[in-house]
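Open the model in your viewer and keep the selection panel at hand. Each stop below says what to select and what is found there.

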Amino acid sequence: MTKHHADPAMKIDSLGDLVAAVPALLGFYPTRSVVLLAHDEVTGRIGATARTDLEVTASGGLRKDCRTHIAEAVGLLRRQGADRLFCVAVDDRPRERVTPALLRLLEDAARSRDAVDPDLEIIDLVLLDRMEAGERWVCRHGESGALPDPASSPLMVVAVVEGRTIHRSRTELTDQLAEEGPGIGADRCRDAADYEADGDPCELLAAVVGAVTAQRSADLSDADVALLGGALLEVKVRDAAMALALTVMADEARLLFAELARRLRGTPRAAAATLVAAGSYLRGDGPLTGIALDAALTADGRYRGAHLLAHALAAGMHPRELCITAEIGVDVARRLGVDLPPRDLGFPLAG
């Protein structure tokens, strides 16, 4: 399941325009997915969104794990303050059984278990086979239309101007964290940190910052990867490294940590992937956040940093709150005597 904070300027003019904006909201073109979009009735704007796989049984009904994930997504958006939801279901398979089951599930999940809280309103359920221009969409009320070209939606134009990449599939995102080569494990990482830096957090953090500022993550040798993996096993270094997401070299840091995650295994891979997740969430990239957290917890199901971040996100933590945590890393780096790159003054959560 992935979650994303939408552009606050995303205003609804029509159902067709709403559906066409989904790829820009998610960061990729979804297939076989359920996408939930929080709607503010006063401003008419889309807030947070959530996506989960639409998984069906052999007979065409909703699978149990799919029902669980959708209910969790509804709960997550409720904790974010949503009180009205649109649902977009993208699936090229027969949906005679899926549609009524999905609608019942949404309405049940939206029903408040607390007498004080009102129910969530499911504004509409929109269904279509593919997220492509000209595809026919239909909503539960019977309205239908041809999908406008998602590549020409106003939100897509904004994304292009801002330099954001909208991927053709979720697989393009998962490939960024996919394991590569034989991998380097925790023992070798610890040995490298001890041998190259005497286990000194100052030296280890300096190695991480140096790798970021060198902008050459693709040229890292296995020895470099082992040293940096060992650095991330040191809690002080990991905390300080999170603050790199607030600097002018945030993109370079994310690319470095993604490279490390692909080439490391076990706990070091979990540490690198958690930093990718944290940096992605701070920058509003919900899909990559979820993918990176999954990679971290798969690499080491007991890794505390990943669990803390996962629990915070499940509780509805806003990126601004994570920004405060990242700020702690600035203080850690200062105490270690290591200069981080300059703060990104254009960072939307600064201050």
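Start by selecting L260: leaving aside residues up to four places away in sequence, L260 touches L220, V225, L228, L232 and A272, where contact means heavy atoms within 4.5 Å. The model is predicted, so local features need pLDDT of at least 70 and side-chain atom pairs count only at pLDDT 80 or more, while totals for chains, interfaces and linings use all residues. Residues are numbered from 1 along each chain as its sequence is written, and side-chain values use heavy atoms, with hydrogens and water left out.

Next, widen the view to the core. L260 is listed with L37, V88, L232 and F257 as having the most contacts inside the largest nonpolar core, which has 93 residues. A nonpolar core is a set of buried Ala, Val, Leu, Ile, Met, Phe, Trp, Tyr and Cys residues joined through side-chain atoms within 4.5 Å. Select helix α12 (residues 266-282), which gives the most to this core, 10 residues. A second, separate core has 29 residues, including V34, A38, C87 and L106.

Now select strand β4 (residues 84-90). Seven of its seven residues are buried (under 20% relative accessible area; exposed is over 50%, partly exposed in between; 1.4 Å probe, protein chains only). R84, F86, V88 and V90 lie on one side, and L85, C87 and A89 on the other. In a regular strand, side chains alternate between the two faces of the sheet.

Strand β2 (residues 33-39) pairs with β4 in the antiparallel sense over six bridges, and V34 stands opposite A89. Strand β5 (residues 121-128) runs parallel to β4, joined by seven bridges; V126 is the bridge partner of V88. Helices (H or I, at least four residues) and strands (E, at least two) are DSSP runs numbered from the N terminus, and two strands pair if DSSP finds at least two bridges between them.
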